[in-house]
Amino acid sequence: MRIAFDNTYARLPERFFARVNPSAVARPRLVKLNRPLARELGLDADALETPEGAAIFAGSAVPEGAEPIAQAYAGHQFGGFVPQLGDGRAVLLGEVIDQGGVRRDIQLKGSGRTPFSRMGDGRAAIGPVLREYIVSEAMAAMGIPTTRALAAATTGEPVYRETALPGAVVTRVASSHIRVGTFQYFAARQDMEAIRILTDYVMARHYPEAREAEQPHHALFAAVIARQAELVAAWMGVGFIHGVMNTDNTSIAGETIDYGPCAFMDSYHPQTVFSSIDQMGRYAFSNQPGIAQWNLARFAECLLPLLADDRDAAVEVAQEALAAFGPQFEAQLNGRLARKLGLAEVRTGDVDLARDLLGVMAENAADWTLTFRRLADTAEGQSDEPVRSLFIDPTAFDAWAVRWRQRLAQETGAAARMQAANPAFIPRNHRVEEAIQAAQGDDFGPFEELLAVMTRPYEAQPSKAYLAEPPAEHERVLQTFCGT
Ligand code: AMP
Ligand code: MG
């Protein structure tokens, strides 16, 4: 099979990557192809839904035109710097130009060892593969910048974690896989030539407007900051916790990337943490903006020599740019919260109104998604009971709602605005786990059903109402795990 790849990253200097083929597996089986995405990429979905396609998506065959590479990168993991990470279980097949003219990476994840695998097996189990598939596609459907899932394939081989699990490969599509950690890899080696090449590449591919600016590197840094501020605000609007916001998991293009122990909150608490490896709560829900800014400071350190001739002057430029993150993030989040409450714009008092609701929700363990969605229903004239009953003390909601309704009286079109800003469905942990459990027993029905619902998250879909419900006490998932 031939795919119209045009592989610009593989034409960069050899020290940017290692050339490595995916590993052949025992029994390639395509369990899911994202047909709409395949079409968007200009690929022939029918031709991919064949044994040949399965072989490609499981890593057993390399399509013509691919130039498989594992990309080099470094990263701060939980605050500690690791000078060499790299794609230890992923292989970039190549880049295609999609129907909209955008260059997109097609990468296999879980396709075997690479020179960056360190102690790892280069493999992925079916659980993390399906989790990434469902959650990334749900994020895309909610309009949040993210990598996409093109396919999931099983390998017919076990991978060994705590137990033996079915092996699988997810094919991921990204506007690129360049990370803050990619810059850190070269900065750690004091390879300024590589930093310049990478910076030019990133501007050409992701930030062409920065190239035209008077100070392209300043403009690039400012643009990366703006996209991160927007991204994290978007996450927080839907109660998403990334779980591993290491600098190697921070995309320069501003997409959500590297879905590991990520999760959506059910009941709201700002300090919510799910990841089993996040013992200190570094990546708790409400820490995410501060961490994003910290990661951007690490990016700035790599760019310093490009920001000014003199180091002190460069630090000043970087600090000034970084200071914009907080206000940008706040403005983004406040705008989102306002829309979630049916408000077309943020007026005096609105920020307090929104924050006070969050305070009451946290005190009363109210479900994040359902609170906003059922609030939207009340704006359509439905009863308050379904939303107020989400609060341990429903009268705390009543008191807040009086203020909200006074403000809402100044708006028109609030109900429609709220339905469009508040998803009815998020991939709840217990449902994702259920789908994974079934798939491990070779039943992909629950996965298919969950995925189908999640790709239309704002539609009511009454027959699927049970998927909108929070977990019962015994169904609650308290911890999520990395794919490693
Ligand atoms: P992640 O948790 O996906 O952000 O990965 C962090 C680092 O560990 C990256 O360099 C990965 O390539 C590497 N890694 C994760 N899982 C494996 C694995 N099973 N085999 C080899 N390398 C891995
Ligand atoms: Mg990663």
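Into which domains is the protein chain divided? The chain has domain 1, covering 9-174, and domain 2, covering 333-421; such bounds come from an automatic or database domain assignment. The C-alpha centres of domain 1 and domain 2 lie 40 Å apart.

This is a predicted model, in which local features need pLDDT of at least 70, side-chain atom pairs count only at pLDDT 80 or more, and totals for chains, interfaces and linings use all residues. Residues are numbered from 1 along each chain as its sequence is written, chains are lettered from A and ligands numbered from 1 in the order in which they are written, and side-chain values use heavy atoms, with hydrogens and water left out.

Helix H13 (residues 368-379) and helix H15 (residues 394-408) pack at an angle of about 55 degrees, and their axes are 13 Å apart. Helices here are DSSP runs of H or I with at least four residues, numbered from the N terminus. The axes are lines fitted to C-alpha atoms over the stretch in contact, and angles run from 0 to 180 degrees between N-to-C directions. H13 and H15 are therefore oblique to each other, a word for angles that are not under 35 degrees (roughly parallel), over 145 (roughly antiparallel) or 65 to 115 (roughly perpendicular).

Next comes the empty space. Rolling a probe the size of a water molecule over the atoms shows where empty space is left. On a 1 Å grid over the protein atoms alone, a cavity is a set of points where a 1.4 Å probe fits but cannot get out, while a pocket is an open set with protein on both sides within 12 Å along at least five of seven lines; lining residues have an atom within 4 Å of a point. A volume is the space filled by probe spheres set on the points, which are joined across faces, edges and corners.

The second largest pocket holds about 550 Å³ of space. It is lined by 21 residues, and the closest to its centre are Pro128, Glu162, Leu165, Phe481 and Cys482. H17 gives the largest share of this pocket's lining, 4 residues.

In the whole structure, 3 cavities of 30 Å³ or more are found. The largest cavity has about 70 Å³ of space. Of its 13 lining residues, Gln228, Leu231, Trp235, Asn249 and Thr250 are the closest to its centre. H8 gives the most to the lining of the largest cavity, with 3 residues.

The second largest cavity has about 50 Å³ of space. Its lining includes Ile3, Phe5 and Leu150.

Key:
Helices (H or I, at least four residues) and strands (E, at least two) are DSSP runs, numbered from the N terminus.
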